Amino acid sequence: MSVLDIYLLGAPILRQETTPVETVTDELRTLIDDMFETMYAAKGIGLAAPQVGRTERIAVVDVDDNPLVLVNPEVVLSEGEQKGEEGCLSIPEIYGDVVRAERVIVRALDREGKPFEIEGTELLSRCMQHEIDHLHGKLFIDYLGLLKRRSALAKWEKMRKGEKSLTRSVAPKEVAAHHRRDEEL
Ligand code: K1U
Ligand code: ZN
């Protein structure tokens, strides 16, 4: 498995619509494994394919030790409202409050291509909505009011001054010895 580079705000791929997956192939399962590896290394709770430079409609999520693969996810029910702080692995160190649905039901395919539905509330609901937005070229900063958005972008520009690369690399996560598979020891 590999830790992939993460694309940053300003990279055109983060604003593109993704392409629905027709068949979950072995090549896509490898991408899914690499996305989990990258998400854990970056200490995230979710990651969408465009964040690693891919155009397939795929996201991974892990809230409360419950890893979820979302292929072609769509929100089929959404109710209530919650306001909470969000960050994004593609816009490190920038945070903002976003109003989202409190509860969603998401329909998707799993890593075997099998359809399923999952209900999410609180952080799981928020995270799935954030990842599905990524798959449609939308970022959490798009929800901020004009002033907050402006100040977030000004902070980002200041932090990025002189930096040309539109990706960042993440150090592989150190796996504790007791979590390593026997053959790796
Ligand atoms: O898609 C991404 O950029 C990942 C992002 C997802 C997300 C964060 C916060 C709310 C909703 C969705 C992250 O994982 S950023 C890391 C982070 O902010 C976080 C990490 C652990 C718990 C809570 C937030
Ligand atoms: Zn994000």
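The expected span of a helix is 1.5 Å times one less than its number of residues. Helices here are DSSP runs of H or I with at least four residues, strands are runs of E with at least two, and both are numbered from the N terminus. Helix α1 has 16 residues and reaches 23 Å from its first C-alpha to its last, close to the 22 Å expected.

Some bookkeeping. This is a predicted model, in which local features need pLDDT of at least 70, side-chain atom pairs count only at pLDDT 80 or more, and totals for chains, interfaces and linings use all residues. Residues are numbered from 1 along each chain, and side-chain values use heavy atoms, without hydrogens or water.

On confidence: pLDDT is the predictor's confidence in each residue, from 0 to 100. The chain mean is 94, with 94% of residues at 70 or more. Residues 176-185 fall below 50. Where pLDDT is low, the predicted coordinates should not be read in detail.

Now the sheet. Five strands form an open, antiparallel sheet in the order β2-β3-β4-β7-β8; strands pair if DSSP finds at least two bridges between them. Its edges are β2 (46-48) and β8 (115-121). Strand β7, residues 103-109, is joined to β8 by 7 bridges, and V106 stands opposite I118.

Back to α1, residues 26-41, which lies across β2, β3 and β4. Its buried residues, meaning under 20% relative accessible area with a 1.4 Å probe and protein chains only, include L28, I32, M35 and F36. The buried set packs against β1, β2, β3 and β4, with contact meaning heavy atoms within 4.5 Å. Just after α1, K43 has a positive phi of about 60 degrees.

Conventions:
Chains lettered and ligands numbered in written order. Axes fitted to C-alpha atoms, helices over the stretch in contact; angles between N-to-C directions. Buried < 20%, exposed > 50% of the residue type's maximum accessible area, 1.4 Å probe, protein only.
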